[in-house]
Amino acid sequence: QVQLVESGGGLVQAGGSLRLSCTASGRTFNSYGMGWFRQAPGKEHEFVAAITWSGDSSYYADSVKGRFTISRDNAKTTVYLQMNSLKPEDTAVYYCAADTFRPYGEVVGKDLGEYDYWGQGTQVLVSS
């Protein structure tokens, strides 16, 4: 079992920055990949970013590439999403997710079905 708790969401003006955190407990954190997804009102969940268990590799949606950075601190069992140059279209509930299907995997997925544990979400609202 893995429990995930996100924090760091809030209201920010366009062009601003936020850093989301997701702290995990339960299964050994440094054995599985982590991802961030988001869901805007009336839309499907969308992949944002993912990182392997070691932090050596990361992946981004085209819509956030160059603006968002995913990182992890295995000692703190926490994954971060640094979001810069925020746009109104980044407004969504952001979820972190854990992929424990593939421990010590060299890749990490971009699809919802590749993750088996989810946090409760944190709201990000970007005003224009």
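**Close-up views of a predicted model**

**View 1. Contacts of Val 79.** Leaving out residues up to four places away in sequence, Val 79 touches Leu 20, Ser 21, Cys 22, Phe 29, Met 34, Trp 36, Ile 51, Ile 70, Ser 71 and Arg 72 (contact: heavy atoms within 4.5 Å). The model is predicted: local features need pLDDT of at least 70, side-chain atom pairs count only at pLDDT 80 or more, and totals for chains, interfaces and linings use all residues. Residues are numbered from 1 along each chain as its sequence is written, and side-chain values use heavy atoms, without hydrogens and water. Val 79 lies in strand β8, residues 78-83 (strands are DSSP runs of E, at least two residues, numbered from the N terminus). Its relative accessibility is 1%, so Val 79 counts as buried (buried: under 20% relative accessible area; exposed: over 50%; partly exposed: in between; 1.4 Å probe, protein chains only).

**View 2. Strands β7 and β8.** The two strands pair in the antiparallel sense over 6 bridges (pairing needs at least two DSSP bridges). Thr 69 stands opposite Gln 82 in β8. The hairpin has 4 residues between the strands, and Thr 77 takes a positive phi near 45°.

**View 3. Arg 72 over Phe 29.** The charged end of Arg 72 sits over the ring of Phe 29, 4.3 Å from its centre (criterion: NZ of Lys or CZ of Arg within 6 Å of the ring centre and within 35 degrees of the ring normal). Arg 72 belongs to the covered face of β7, with Phe 68 and Ile 70.

**View 4. An aromatic cluster.** Phe 37, Phe 47, Tyr 115 and Trp 118 form one aromatic cluster. Phe 37, at 0% relative accessibility, counts as buried. Trp 118, at 32%, counts as partly exposed.

Terms used. Rings of Phe, Tyr and Trp (its six-membered ring) pair if their centres lie within 6.5 Å; planes under 30 degrees apart count as stacked, over 60 as edge-to-face and the rest as tilted.
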